[in-house]
Structures are given as structure tokens and as C-alpha cells.
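Dear colleague,

I am handing over the structure below, and my notes on what was found in it follow directly after.

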Amino acid sequence: MTIEELHKLWDKKNKGKAASSEHDLQVTCLRWLRYAHPGIFYYAIPNGGYRTTTTAKAMRAEGQRPGVPDLHFPIGRGEYLSLYIEIKNGKAGQLSEAQKEVHEILRRERNKVAICRNLEEFQEEINTYFFQ
């Protein structure tokens, strides 16, 4: 699938919507990643979304932490031990206080933390981190 085809899928799926969701943006970014760089290992960190009170309590007990970025690439490059990416919904998506605190901790511990607000920013972060 080409980048143009991804953009067409994105436009078709979000036709008539004021702004795409962070979920849709993350899915699009990962579709591109799997197509362009299938060998890069990553995993998603499911911190967001609706949960029942029981599920939320269980996840906190299991170690879920507010503010942790959406994606982790546990591969070191240069001065960094790994890459974390926070997906935000365009310019409207703001970081919470918990996210700001966690990002600072991760940076202090020599991890790169990037905030991506669109597919192009995601592509640039991946290409710069892994291939430059």
C-alpha cells in the first residue's frame, strides 16, 4: 500500500468529520509502519479508552500508569535507549499533566519521547530515529 493509498483510506474513513480520532490516527500510522518498515518492533500501551470501574482498578493493580505514551519502540539508537511516541489528535490534542510528568521521567532516563499529531510527523520520527 502506498502513502497515497493510505491518505485515501484516511480521507474516506473521516469524510465529514471535523477531526479524526487519536485511535484512527494511530491505526493509520501503524498501517504505514507495517508497510514501510515491517521489521521494526514496537508495541502499543493501552492507557486510554473507556473502562468499567472494575477493569480500571484491575489494570492499576497490574501496573497501568496514567501518562505513559501510546507506543514504545524498545530499540536503542545513538544516545537513546528507546523511542516512545504519543499520538495526539491534531493541534487540539493537549498533553495531560500526567503525560508531561511521565515524558520528563522517560527523557531523563535517556529515552526519546515524541509527540505526533499527524501521519507525516510520525513518518518523520520513525525515519529519523531508525535511519539517520
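Cys-116 counts as buried at 0% relative accessibility, where buried means under 20% relative accessible area, exposed over 50% and partly exposed in between, with a 1.4 Å probe and protein chains only. Cys-29 is likewise buried, with a relative accessible area of 0%. This is a predicted model, in which local features need pLDDT of at least 70 and side-chain atom pairs count only at pLDDT 80 or more, while totals for chains, interfaces and linings use all residues. Residues are numbered from 1 along each chain as its sequence is written, and side-chain values use heavy atoms, with hydrogens and water left out.

The closest cysteine sulfur to that of Cys-116 is in Cys-29, and because the distance is 6.7 Å, it is too far for a bond. With a disulfide taken as a pair of cysteine sulfur atoms within 2.5 Å, the count comes to zero.

Turning to the sheet, four strands form an open sheet in the order β1-β2-β3-β4, with mixed pairing. β1 (43-44) and β4 (112-116) stand at its edges with a single partner strand each, so one side of each has no neighbour in the sheet. Strands are DSSP runs of E, at least two residues long, and helices are runs of H or I of at least four, numbered from the N terminus; two strands pair if DSSP finds at least two bridges between them.

Strands β2 (residues 71-73) and β3 (residues 83-87) run antiparallel and are joined by three bridges, and Phe-73 stands opposite Leu-83 in β3.

Best regards
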